[in-house]
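Thanks, everyone, for making the time this morning.

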Amino acid sequence: MASHRKPRARILASATGRRTAVSVTTAALASVTLLSQTASAEPDKPKPSIEEVKKKVDTLYHQAESATQGYNAAKERTGAQRAKVDKLLDGIADRAEKLNEARRTLGIYAAAQYRGGGMASSTATLLFASDPQGIFDQSHLMDRLTEGQKKAVVDFRSQQAKATEERAKATESLATLTRSQEQLKTKKKTVQDKLTQARQLLSELTAEEKARLAAIERKKAEEARRKAAELARKQREAAAEREQQQDQGGGSGSTAPSGSSDTSGGSYSTRAEKAVAFARSQLGKPYVWGATGPNSYDCSGLTQAAWKAAGVSLPRTTWDQVKVGTRVSTSDLQPGDLVFFYDDISHVGLYIGDGMMIHAPKPGDVVKVAPITEMPIYGSVRPA
């Protein structure tokens with residue numbers, strides 16, 4: 001009988017093994033339970049509301065437009081710097097020809113002197129020396145040269161110095177051009193990144209959500225038109241009051257804006273009419289950031305082209321356009337005036353009267369008529 005009993009060591013080992021297995025299983029179950037509790041305690045982040053998506057998309061478009069103005073400025077700087085470099089390189093080519101001509105003239109004199117025995121072979125080399133001792137020796141040599149020879153030496157030295165100076169300027173300008181090109185690439189990438197994020201957010205909306213978003217935008221547009229109509233009413237009242245005051249004061253009754261004429265001829269209103277007519281002819285053309293026409297525009301590209309059609313040259317960016325002309329209040333706006341938006345002056349439209357403007361809004365949209373009240377107004381300028 002005793003021979004059939006399990007050894008005590010085997011029994012203990014078996015029991016220990018079962019206890020270990022149970023412990024591992026219990027620990028695993030506890031881990032699963034803990035993970036389950038953690039998952040339920042930290043649910044998935046809720047999907048943003050349509051209002052939140054709209055706000056985010058609007059912010060991205062605004063940031064993209066601000067970056068677009070930075071791109072436009074960098075592009076303008078790059079173009080100007082490239083023109084400067086090209087001019088310097090052309091100048092270097094001309095200077096090299098003049099230097100070679102001076103060298104040839106000096107060589108002719110040196111050869112003639114050498115053949116006539118009046119100049120040693122080393123003397124011609126000395127004329128081209130640039131080290132201090134060479135210059136000292138040249139001062140003695142110059143005393144023995146004829147006026148024609150002296151003139152040849154002076155001309156060579158002058159052309160040599162100018163060539164060195166122009167090469168230094170060109171090198172510096174090329175470095176500046178390289179920096180401008182890098183800035184242009186950075187600005188371009190910033191715009192593209194913002195627009196990509198906005199498109200991604202919109203692409204994730206369902207058909208129902210897109211319909212709700214469109215309804216929100218329609219409501220916002222209606223509110224902007226209502227405010228624009230109210231603004232137009234106040235503008236008419238203010239104009240009538242000014243005219244009445246002028247009549248009572250014995251004035252001419254003219255309501256022409258200050259600075260209504262310009263040195264290039266024609267009244268402001270005549271030029272403004274041309275600018276507005278041009279802008280109207282562009283209605284329906286797509287917004288493309290960085291574009292200046294004729295097939296597409298960004299906001300400042302449109303206003304620049306409109307006033308160019310009226311004979312007035314405006315800078316490229318909103319940041320510079322706002323500095324041109326006379327500042328006017330919103331209540332005194334007249335057709336042709338430029339209206340700028342947002343604290344960073346990143347958008348501009350061309351006022352056409354009755355609280356409305358023509359502008360190039362944003363990517364995916366077209367040049368259109370819209371209320372100036374749909375965005376926060378920074379200020380307004382009367383060009384010319």
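When I speak of helices and strands here, I mean DSSP runs, with helices of at least four residues and strands of at least two, numbered from the N terminus. Please keep in mind that this is a predicted model.

Let me begin with Asp337, which is found in the loop that runs between β1 (326-328) and β2 (338-341). Is this residue buried or exposed? With a relative accessibility of 0%, Asp337 counts as buried, and its neighbours, leaving aside residues up to four places away in sequence, include Val328, Leu350, Tyr351 and Pro383. The Asp337 side chain makes a polar contact of 2.5 Å with the side chain of Tyr268, and a polar atom of that Asp337 side chain lies 2.8 Å from the backbone nitrogen of Gln334.

Asp337 also meets Arg382 in a salt bridge, at 2.9 Å from N to O. Because Arg382 belongs to strand β6 (residues 377-382) while Asp337 sits in the loop between β1 and β2, this pair ties together parts that are 45 residues apart in sequence. Both partners, Arg382 and Asp337, are buried.

Finally, Glu97, Glu101 and Arg104 are joined in a salt-bridge network.

Key: Residues are numbered from 1 along each chain as its sequence is written. This is a predicted model: local features need pLDDT of at least 70, side-chain atom pairs count only at pLDDT 80 or more; totals for chains, interfaces and linings use all residues. Side-chain values use heavy atoms; hydrogens and water are left out. Buried means under 20% relative accessible area, exposed over 50%, partly exposed in between (1.4 Å probe, protein chains only). A polar contact is a pair of N or O atoms within 3.5 Å; within protein, one must be able to donate a hydrogen and the other to accept it, and residues adjacent in sequence count only if both atoms are side-chain atoms. Contact means heavy atoms within 4.5 Å. A salt bridge is a side-chain nitrogen of Lys or Arg within 4 Å of a carboxyl oxygen of Asp or Glu.
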